[in-house]
Amino acid sequence: MISTLVLIISLLLIFLIMVVVVRSIIKKQQIIGRPPIPVFFFILAKILVLVNLIFLLLKGLKINVYRIFAPIEFIDIIALAFLILGTVLLFLSTIKLNKDLIFGLSSSKDHKLQTGGVFSISRHPFYLGFIFILFSSCLFNPNYLNILSFIGAWIIHHFIMIKEEQFLISQYGEEYKEYAKRVNRYISF
């Protein structure tokens, strides 16, 4: 049952990525901006995310891989909760960003500062959603490569968030600084 849900959610995530890319191509919108960190690390972060997503897909397909320990059902339930929460955050932030969703820094002056909806609980709900999803992958498949990929992806994305915030301060000034005082980088309660 859990594996089936993991497979369905994994396929939904793949579908979401495809829709965003195809929509950008059709509407001739920029989807990849200027990397906020050195290109090597920017690409490495995306590769590490892909590794975690592959482990997640393997769980959904019921393909066994070497694991440090065999998770008990309780851990699988916690992992599923993180996966669902992460997917919901990812979908909501994608919808809220709409055409402003871009990987990297945008050169467009048409983008708006997002502060409502999921952006009122996290300055980076898109990244937070992915962190939850990748963490669930580690809980489902506690494999050394999977765990190291998660840690690497999180560290690099943390620096991406910091650089994006510096960029947003340069774009929006006091408006962004006030927003940053109200809303934490990861989660605000």
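**Close-up 1. Helices that line the largest pocket of the predicted model.** Five helices each supply at least two residues of the lining: α1 (2-26), α2 (39-60), α3 (73-97), α4 (125-140) and α5 (144-172). With eight residues, α2 gives the most to this lining.

Close-up 2. Sorted by class, the lining has 24 nonpolar residues, three polar ones and one charged one.

**Close-up 3. The packing of α4 and α5.** The axes of these two helices come within 9 Å and cross at roughly 170 degrees. Angles over 145 degrees count as roughly antiparallel, so α4 is roughly antiparallel to α5. On the α4 side, the contact is made by Tyr127, Ile131, Leu134, Phe135, Ser137 and Cys138. The residues they meet in α5 include Asn146, Phe150, Trp154, His157, Met161 and Glu164. By class, eleven nonpolar, three polar and one charged residues make up the contact of α4 with α5.

**Close-up 4. An aromatic pair formed by phenylalanine 82 and phenylalanine 135.** The count of aromatic pairs comes to ten. In the pair of phenylalanine 82 and phenylalanine 135, the rings are 5.0 Å apart, centre to centre, with 80 degrees between the planes, and the pair is edge-to-face. Phenylalanine 82 belongs to helix α3 and phenylalanine 135 to helix α4, so the pair ties together parts that are 53 residues apart in sequence. Phenylalanine 135 is also one of the α4 residues that meet α5.

Terms used
Residues are numbered from 1 along each chain as its sequence is written. This is a predicted model: local features need pLDDT of at least 70, side-chain atom pairs count only at pLDDT 80 or more; totals for chains, interfaces and linings use all residues. Side-chain values use heavy atoms; hydrogens and water are left out. Helices (H or I, at least four residues) and strands (E, at least two) are DSSP runs, numbered from the N terminus. Ala, Val, Leu, Ile, Met, Phe, Trp, Tyr, Cys and Pro count as nonpolar, Asp, Glu, Lys and Arg as charged, and the others, Gly among them, as polar. Axes are lines fitted to C-alpha atoms, for helices over the stretch in contact, and angles run from 0 to 180 degrees between N-to-C directions. Angles under 35 degrees count as roughly parallel, over 145 as roughly antiparallel, 65 to 115 as roughly perpendicular and the rest as oblique. Contact means heavy atoms within 4.5 Å. Rings of Phe, Tyr and Trp (its six-membered ring) pair if their centres lie within 6.5 Å; planes under 30 degrees apart count as stacked, over 60 as edge-to-face and the rest as tilted.
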